[in-house]
Every structure is written in C-alpha cells, then in structure tokens.
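Have a look at the structure first, then read on.

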Amino acid sequence: MRVLGIYGSPRKGGNTDAMLDAFLRGAADCGATPERLYVRDVQIQPCIGCGHCDKAGSCVQQDAMVEVYFRLERADGIVVASPIYFYSVTAQLKALIDRSQAPLMKKKLAQAAGAYHPRQPPRKGFLLSAAATRGKRLFDCAVLPVRYFFDALDVHYAGELCFPGIEERRAIEKHPAALQDCRRAGRAFVSHTAP
Ligand SMILES: Cc1cc2nc3c(=O)[nH]c(=O)nc-3n(C[C@H](O)[C@H](O)[C@H](O)COP(=O)(O)O)c2cc1C
C-alpha cells in the first residue's frame, strides 16, 4: 500500500513535518510504502479559474502539478499535514487543493458520460494539523477544505489529529502524546484499510 504524505508547511523541520513523519513511520510499521511530497519544494501555480477543465477535464497549466496529479492518482492513501495560517491551510497547500478542480471536473465529465467507475474499496485520507491558539473551531478551516479535496479525488475522509497551542518550530516534541498519537494513527490507517 502506497501512502502519500503531503507536507503543507513552508517551515522545514516544523511541527506538522514531525507529525507527518511520525504518521508515515506508523504506516510503514504496518507494511505500507510511504511517499513524501513537500509542497514547499515544488512550484504549483494557483488556479486561474479559466474554465478549461470544465470542458477538457484537465488543467491548462503545465507545471509541477502535472507530476502531483500522477502521484495523487497512484496513491492508495493520502495524508495531508498543514499548520493553520490565518484561519486557513497554508497558501502552498491551498494552491495544490484548488488545482484539484481538474480531476474533479474529469470525474464529473465521466459521470455525465456514464463512464465513471469509482475505486472499490474507496481510498482513505487523513488530516494532521497544528496551530498556536486554542479556539473551539480553530481547525474547521483545515478540515473543510481537506474534506472537499478528498471528495474531489474520491478519497474517504478517515479522520484527523489536530493539536492547538503549538507554536515554536519543535513545540510538538514537548507535547506529551502528540507524536505517539500520530504514529498510532498511521498504523491504524494502514491496518484498517483493505489491501
Ligand atoms: C503566517 C502565519 C499565520 C499563522 N496563523 C495562525 C492562525 O490563524 N491561528 C493559529 O492558531 N496559529 C497561527 N499560526 C501559527 C502556526 O499555525 C503554528 O506555529 C504551527 O505550529 C506551525 O506549524 P509548522 O511548524 O508545521 O509550520 C500562524 C503562523 C504563521 C507563520
């Protein structure tokens, strides 16, 4: 099983990097093959809303996203990690998510043509997040776009682990249980998924 981890933070070696590392370690404990995509290392242009994908089911922009589409397609499971930035996911991750309008439209076009065959069983997805503050609905702003991103790719939203009160680069390491929880979630993600 190939589990694609999408590292959404521009901060190398930060909290969500460590969380996703732990999650993927857990997935590997259970036999999965982890793959890593660092959005800070690829140039993904934002969606320009040109409407090309409405008709063609593909994106007119030829950039790093071409390979990302391929990697998203071949993954058996997807894990997204992002810190909260101004009550949203990071801009780098949001660009990737917005560009998933193309596969969404491809799916809709296939559905309209009666040629759509969803994967069985559906793939699973998971969200990891951290943020400095502690508001009650702090992580809604990550859960909603990531849920919809997974929907576009026919990935079942399997859950999230989100830690408030985490600000400095390695603060997550001082949390009593966070990285263990992430590793455990990675194991569960794989062992509860049909091969
Ligand atoms: C530009 C920017 C915006 C941020 N906005 C928020 C915010 O809206 N709410 C919050 O609780 N924390 C906010 N933070 C704090 C980060 O979410 C927090 O430091 C997180 O642990 C960073 O994760 P990372 O180390 O994986 O990058 C912001 C940080 C930056 C740099």
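A residue counts as near a molecule if one of its heavy atoms lies within 4 Å of that molecule. Keep in mind that this is a predicted model.

**The ligand site**

How many residues surround the ligand? There are 17 of them, and the closest are Ser9, Thr16, Ile84, Thr133 and Ile166.

| Residue | Protein atom | Distance to a ligand oxygen atom |
|---|---|---|
| Ser9 | polar side-chain atom | 2.6 Å |
| Asn15 | polar backbone atom | 2.8 Å |
| Ile84 | backbone N or O atom | 2.7 Å |

On its own the ligand has 650 Å² of accessible area, and the protein covers 79% of that.

**The nonpolar cores**

Moving on to packing, the largest nonpolar core is made of 35 residues. Inside this core, the residues with the most contacts are Ile6, Leu72, Ile78, Val80, Leu96 and Phe149. Two or more residues each come from β1 (2-7), α3 (65-74), β3 (77-83), α4 (91-98), α5 (101-112), α6 (140-152) and β5 (155-163). Helix α6 is the top contributor, giving six residues.

Ile6 makes a handy entry point if you want to click through the packing. Beyond its neighbours within four places in sequence, Ile6 is in contact with Leu20, Leu37, Val39, Leu72, Ile78, Val79, Val80, Ala81, Leu93, Leu96 and Phe149. A further core of 25 residues lies apart from this one, and its members include Ala27, Ala32, Phe126 and Ala130.

**A buried lysine**

Lys107 sits in helix α5. Is this lysine buried or exposed? Lys107 counts as buried because its relative accessibility is 13%, and the cut-off for buried is under 20%. What does the side chain of Lys107 make a polar contact with? The partner is the side chain of Asp154, at 3.0 Å. Leaving out residues up to four places away in sequence, Lys107 touches Tyr116, Asp151 and Ala152 as well as Asp154.

Gln120 and Pro121 are joined by a cis peptide bond, with omega about -10°. Pro121 belongs to the loop between α5 and β4 (123-130).

The loop between β3 and α4 holds Phe86 and also Tyr87. Phi is positive in Phe86, near 45°, although the residue is not glycine. Tyr87, another non-glycine residue, has a positive phi near 50°. Phe86 is also exposed, with a relative accessible area of 87%.

Key
Residues are numbered from 1 along each chain as its sequence is written. This is a predicted model: local features need pLDDT of at least 70, side-chain atom pairs count only at pLDDT 80 or more; totals for chains, interfaces and linings use all residues. Side-chain values use heavy atoms; hydrogens and water are left out. A nonpolar core is a set of buried Ala, Val, Leu, Ile, Met, Phe, Trp, Tyr and Cys residues joined through side-chain atoms within 4.5 Å. Buried means under 20% relative accessible area, exposed over 50%, partly exposed in between (1.4 Å probe, protein chains only). Helices (H or I, at least four residues) and strands (E, at least two) are DSSP runs, numbered from the N terminus. Contact means heavy atoms within 4.5 Å. A polar contact is a pair of N or O atoms within 3.5 Å; within protein, one must be able to donate a hydrogen and the other to accept it, and residues adjacent in sequence count only if both atoms are side-chain atoms. Accessible areas come from the Shrake-Rupley method with a 1.4 Å probe; for residues, only the protein chains shown count as cover.
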